[in-house]
Amino acid sequence: MSAHAITTHRRAALPVVLAGTLMVVLDFFIVNVAMPAMQTDLHASTGAIEWVVAGYGLTFATLLITAGRVGDRHGRRRMFSLGLALFTLASAACGLAWSPTSLVAARLAQGVAAALLSPQVLSIIGVAYTGPDRVRALSVYGIVLGLAAVGGQLLGGVLV
């Protein structure tokens, strides 16, 4: 592979991995804003709605380090792709949830998928970029996190 092809490949990777990060953070904040509407629509108890948020956070936090090691061992790109696919499926399940229990189960699955996806992003950036390119990539990563947090609240308000 030529040096130009490698550079092009690295540039193409950044928007892809950042899209995964955007989805994970955006979803977290959309759900926080949409909780009252979900509670009403699903006739959910306060405890069930708390599990919608806490279950996601718990599975995400609990599996984050292990998922990073799995990516190191079995391939970061493979684990990122698997996490992204699972996150998309779990998101669809959340949208189709017919009961509080089904929504909590789908959110737990989202947390697992987010844990699988998220550590791969920083690992891919750390391996693919060096020097000033790494600084730029990490700066864009930080911007995406901030925009996703704000955008999730705005989008959640629009959707509700």
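This passage describes the fold of the protein chain and then a selection of its helices and residues.

The structure is a predicted model, in which local features need pLDDT of at least 70, side-chain atom pairs count only at pLDDT 80 or more, and totals for chains, interfaces and linings use all residues. Residues are numbered from 1 along each chain as its sequence is written, and side-chain values use heavy atoms, with hydrogens and water left out.

The secondary structure of the protein chain consists of 5 helices and 0 strands. Helices here are DSSP runs of H or I with at least four residues, strands are runs of E with at least two, and both are numbered from the N terminus. The order of elements from the N terminus is α-α-α-α-α. Along its principal axes, the C-alpha trace of the chain spans about 60 × 30 × 20 Å.

Of the 160 residues in the protein chain, 37% are buried. A residue is termed buried under 20% relative accessible area, exposed over 50%, and partly exposed in between, with a 1.4 Å probe and protein chains only. The accessible surface of the chain amounts to about 8,900 Å², and carbon and sulfur atoms hold 70% of that surface. Such areas come from the Shrake-Rupley method with a 1.4 Å probe; for residues, only the protein chains shown count as cover.

Contacts (heavy atoms within 4.5 Å) were also examined along the sequence. Among contacts between residues at least 6 apart in sequence, 79% join residues at least 24 apart.

Helix α1 covers residues 3-42 and contains M23. With a relative accessible area of 29%, M23 is partly exposed. Leaving aside residues up to four places away in sequence, M23 touches L84, F87 and T88. The C-alpha atoms of M23 and Q153 lie 13 Å apart, although the two residues are 130 apart in sequence.

The loop between α1 and α2 contains H43. This residue is exposed, at a relative accessible area of 70%. The phi of H43 is near 50°, a positive value in a residue other than glycine.

Helix α2 comprises the 29 residues 46-74, which should span 42 Å at 1.5 Å a residue; the end C-alpha atoms are 40 Å apart, in agreement with that value. The expected span is 1.5 Å times one less than the number of residues. A kink of about 50° in α2 is centred on L64, where the bend at a residue is the angle between axes fitted to the seven residues ending there and the seven starting there. The buried residues of α2 include A48, I49, V52, V53, G55, Y56 and T59, together with A67, G68 and G71. An α-helix has 3.6 residues a turn, so residues three or four places apart point the same way.

D72 also lies in α2 and counts as partly exposed, at 39% relative accessibility. Just after α2, G75 takes a positive phi of about 110°.

Helix α3 (residues 76-95) contains G95, an exposed residue with a relative accessible area of 64%. G95 is 40 residues from G55 in sequence, and their C-alpha atoms are 17 Å apart.

In the loop between α4 (100-128) and α5 (131-159) stands Y129. At a relative accessible area of 9%, Y129 is buried. The C-alpha atoms of Y129 and L14 are 9.7 Å apart, while the residues are 115 apart along the chain.

For α5, the 29 residues should span 42 Å at 1.5 Å a residue, and the 41 Å between the end C-alpha atoms agrees with this. Buried positions in α5 include A137, Y141, V144, A148, A149, G152 and G156.
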